[in-house]
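Here are some notes for your review. Please keep the model open while you read.

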Amino acid sequence: MPELPELPELPEPIHRLVPSPAGRVHLVEQGAEPLVLLLHGFPESWYSWRRQLPALAAAGYRAVAVDVRGYGRSSRPDDIAAYRMLELVEDNVAVVRALGEESAVVIGHDWGANIAATSALVRPEVFRAVGLLSVPYAPRGGPRPSEVFAGMGGGAEEFYVSYFQEPGRAEAEIEPDVRGWLAGFYAALSADTMPGPGGADPHFLTRGGRLRDRFPGGRPGWLGDSELDLYAGEFERTGVGGALARYRNMDRDWEDLAAYDGAAIEQPSLFIGGGRDASTTWLAEAIAAYPVTLPGLRGSHVLDGAGHWLQQERPVEVNGLLAEWLKQLP
């Protein structure tokens with residue numbers, strides 16, 4: 001991994017708790033206006049943006065990375081329905097308001113990309129531009145999501161999303177060995193450690209088996225002991241139920257967002273994907289549809305040889321693309 005460029009001396013990042021509809025959101029901020037809100041995916045935390053916070057601050061932005069509801073020091077409601085997409089959008093609006101701002105650019109990775117896209121779609125007066133990492137924008141539509149996922153994998157295999165959707169199943173696999181499970185999951189989707197052609201696909205599991213049975217050995221180059229310790233420590237403290245609740249609301253989201261069926265996001269947008277990431281290859285049709293679904297698109301980039309954890313695997317390139325895009329925004 002190329003070394004990050006030396007940055008000018010910056011104030012240290014500030015950790016804050018701000019009020020939200022569920023109670024509180026924990027965030028980490030660095031830099032001054034204008035506001036850029038950074039949303040992580042599963043199974044991560046604000047820490048996944050650790051290499052972007054100083055870079056964006058040095059470029060002249062107030063970079064703010066949050067713990068999404070259910071993660072880290074943010075609130076973790078017991079009710080699974082409290083993690084539906086529209087609730088998470090209102091968390092983001094609450095963060096913007098708590099920071100004294102009227103609007104923000106929102107950027108997300110993995111599930112954070114879906115949350116960012118929905119935030120821009122339903123609250124365009126707050127979110128003036130949207131950046132998506134790893135997961136392309138695909139408008140709401142088609143059959144009920146749980147029915148689609150249940151049909152994937154055939155008789156002998158089960159798709160990981162269906163596995164995550166049943167309360168308790170994935171928790172029973174993950175929580176006895178959080179550190180080991182996370183290391184394997186990160187390795188499974190990282191370009192330098194993911195299974196090669198013909199290897200067992202870690203997005204599926206044998207019915208009755210475990211997802212980790214398909215994880216490769218080895219440790220991704222971006223994941224040192226300190227990084228893994230931080231991620232594992234957070235989930236060992238909180239459990240993974242709040243994080244997995246996002247998967248358990250996909251049908252509710254489909255119902256809640258019926259009015260936005262097929263809707264385009266009009267604001268300026270950016271997409272960055274990984275050339276070896278299944279999220280990019282499986283959703284190639286969604287990327288091809290961007291002239292219709294993202295009419296404000298100002299850049300679509302697929303990083304050759306990159307895996308799923310883009311901002312951690314390829315921080316130099318991601319930081320450069322983000323800074324260049326942000327500079328072009330009105």
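The points below go from the whole chain to single residues.

1. Ground rules. This is a predicted model: local features need pLDDT of at least 70, side-chain atom pairs count only at pLDDT 80 or more, and totals for chains, interfaces and linings use all residues. Residues are numbered from 1 along each chain as its sequence is written, and side-chain values use heavy atoms, with hydrogens and water left out.

2. Overall build. The protein chain holds 15 helices and ten strands. Both are DSSP runs, numbered from the N terminus: helices are H or I with at least four residues, strands are E with at least two. The C-alpha atoms fill a box of roughly 50 × 45 × 40 Å along the principal axes.

3. Packing and surface. Of the 330 residues, 57% count as buried. Buried means under 20% relative accessible area, exposed over 50%, and partly exposed in between (1.4 Å probe, protein chains only). Among contacts with a separation of 6 or more, 77% come from residues 24 or more positions apart; a contact means heavy atoms within 4.5 Å. The chain exposes about 12900 Å², and carbon and sulfur atoms supply 52% of it. Areas come from the Shrake-Rupley method with a 1.4 Å probe; for residues, only the protein chains shown count as cover.

4. Helix H3. Which elements cover the buried residues of H3? The cover includes strands E3 (35-39), E5 (104-109) and E6 (127-133), along with helices H2 (85-98) and H10 (250-256). Eleven of the twelve residues of H3 are buried, among them Trp111, Ile115 and Leu121.

5. Most residues other than glycine have a negative phi, and most peptide bonds are trans. The bond from Glu33 to Pro34 is cis, with omega near 5 degrees; Pro34 sits in the loop between strand E2 (23-30) and E3. Phe42 and Pro43 are also joined by a cis bond, with omega about -10 degrees. Pro43 lies in the loop between E3 and helix H1 (53-58).

6. Positive phi. Asp110 has phi near 60 degrees and lies in the loop between E5 and H3. Asp110 is buried, because its relative accessible area is 9%. Ser134 has phi near 80 degrees and belongs to the loop between E6 and helix H4 (145-150). Ser134 is buried too, at 0%.

7. Two further sites. Is Pro167 buried or exposed? Pro167 counts as exposed, because its relative accessibility is 52%. Pro167 is in the loop between helix H5 (160-165) and helix H6 (169-174). Leaving out residues up to four places away in sequence, Pro167 touches Ile80 and Arg248. Ala98, in helix H2, is partly exposed at 31%. With that sequence exclusion, Ala98 touches Arg16, Val18 and Pro19. Ala98 and Ser20 are 78 residues apart in sequence and 8.6 Å apart in space, C-alpha to C-alpha.
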